[in-house]
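Hi,

Here is the protein we talked about. My notes follow below it.

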Amino acid sequence: MDASGARSKRHLEIALPDGMTYETGDYLAVLPLNPTLAVDRALSRFDLAYDAQTVIRISEGGHTFLPTDTPVTAGELLASYVELSLPATRKQLELLADATVCPPDKAALAALAGDPAAYTDEILTPRITVLDLLERYPACQLAFGTFLQMLTPLTPRQYSISSSPRWSTDHVTLTVSVLTAPALSGSGTYEGAASTYLARARPGTKVAVTVRPSNVAFHPPQSLATPVVMVCAGTGIAPFRGFLQDRALAAQEQGVTPAPALLFFGCDQPDVDFLYRDELDEWAEQGLVAVRPAFSVTPADGVTFVQDRLWADRAEVIDLVRAGAIFFVCGDGQRMAPAVYDTCTRIYIEATGATAERADAWMIEMQREHSRYVADVYA
């Protein structure tokens, strides 16, 4: 966070492995390392040095995703192989209870494992991890090997690619919000594994990546004659930066003026997190897009969030939809995307006089049958 309260953002350029290609709108999956803070906490809990040599052996018939029968440091195992930031499962709570010698602590862990409501309120919602619980209950005498084995493998994190292959066929850009915040558990700081890893990368850092295709409909229209409406907030602008870059280069290659495009972009403040503002201004001057921002910290004219801006400019949206526009949404799936969906429903009701039921049916039809309302959202 900076002094304004806005989360730090990063624009990253990554060279793809030989032979790997992508399409505008695709994802890049990044396999991170766990944050140093989390690794150090785990090492401290088990009284291990980072370079302490460990050999994992599995009995006949057993299996593990961890490296076996070869020396590996404790720090490398914790940094590269296991998830340290996921909420503890009820099964993991049972294992922790079994390893706890203090009767009250054993009972407390067992109660959390056995009560779904308590588990949700006290573990799942505040995202309490196995490591958090080990620090909270020092009488849990869990062996280091058992701790590793009860965790899940470290998995790739997926980011929308914010560039077009027309710009580069073998490089991509990412637009990443760095997640660093007080832990919901109330103890310490939570750091997003992938965003922290990428934020600390330097030129020449090797990053394990692979391209993953997005929803088949979440790509720019094949024809520049198709109007586009794009709605996003924060780093949800990432794929649309790729869309507009693709649109600009395609228009230049073909020597044509594309159909109108609207970009509704929600952020905090114009001078803090209006991402890619210079590029967007340049594309707007070229007639490639009209940008309609909404600033939640410094609202104006009744516009606070992106859905407010969408409603304020609904006449233009209606015109483009009637002209065959494809409507894209990207960003927060808990608040922003549902609010945008509801606003579109309201716009349809006002424009057509339809009932709420007919408006809902029309929105479903736009999504499922015509692929003209396409959302790419995340929790």
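**What I found**

Glu316 is partly exposed, at 34% relative accessible area. Partly exposed is the band between buried (under 20% relative accessible area) and exposed (over 50%), using a 1.4 Å probe and protein chains only. Note that this is a predicted model, where local features need pLDDT of at least 70 and side-chain atom pairs count only at pLDDT 80 or more, while totals for chains, interfaces and linings use all residues. Residues are numbered from 1 along each chain as its sequence is written, and side-chain values use heavy atoms, leaving out hydrogens and water.

**The whole protein**

Start with the overall picture. The protein has 14 helices and 14 strands. These are DSSP runs (helices H or I, at least four residues; strands E, at least two), numbered from the N terminus. The C-alpha trace spans about 70 × 50 × 45 Å along its principal axes. Of the 379 residues, 47% are buried.

Glu357 is in helix α14, residues 356-368. With a relative accessible area of 60%, Glu357 is exposed.

**Salt bridges**

How many salt bridges does a search of the whole structure find? The count is 15. A salt bridge here puts a side-chain nitrogen of Lys or Arg within 4 Å of a carboxyl oxygen of Asp or Glu. I picked out a few of them for you.

Go back to Glu316. Its side chain meets that of Arg292 in a salt bridge, 2.6 Å from N to O. This pair links distant parts of the chain, with Arg292 in strand β12 (residues 290-295) and Glu316 in helix α12 (residues 314-322), 24 residues apart. Arg292 is buried, and its relative accessible area is 16%. So in this pair Arg292 is buried, while Glu316 is partly exposed. The two also belong to a network of salt bridges: Arg292, Arg309, Asp313 and Glu316 are linked in it.

Next, look at Glu279 and Arg241. Their side chains form a salt bridge with 2.9 Å between N and O. Glu279 sits in helix α10 and Arg241 in helix α9 (residues 238-254), so this pair ties together parts that are 38 residues apart in sequence. Is Arg241 buried or exposed? Arg241 is buried, at a relative accessible area of 7%. Glu279 is partly exposed, at 24%.

Then find Asp332 and Arg335. They form a salt bridge, and the closest N and O atoms are 3.4 Å apart. Asp332 counts as buried because its relative accessibility is 17%. Arg335 is exposed, with 65% relative accessible area.

**A buried charge without a partner**

Now turn to Asp26. It is in the loop between β1 (9-15) and β2 (27-31). Asp26 is buried yet has no salt bridge. Which side chain of opposite charge is nearest to Asp26? That is Arg212, and it is 11 Å away. For charge, Lys and Arg count as positive and Asp and Glu as negative; His and the chain ends are not counted.

Last, check the backbone at two places. Most residues other than glycine have a negative phi.

Which phi does Arg127 have? Its phi is near 55°, a positive value in a residue other than glycine. Arg127 lies in the loop between α5 (116-124) and α6 (130-136). It is partly exposed, with a relative accessible area of 35%.

Tyr276 is the other place to look. It is not a glycine, but its phi is positive, about 60°. Where is Tyr276? Look in the loop between β11 (261-267) and α10. Tyr276 counts as buried because its relative accessibility is 15%.

**Where to click**

Then go to Asp26, which has no salt bridge. Finish at Arg127, with its positive phi.

Best wishes
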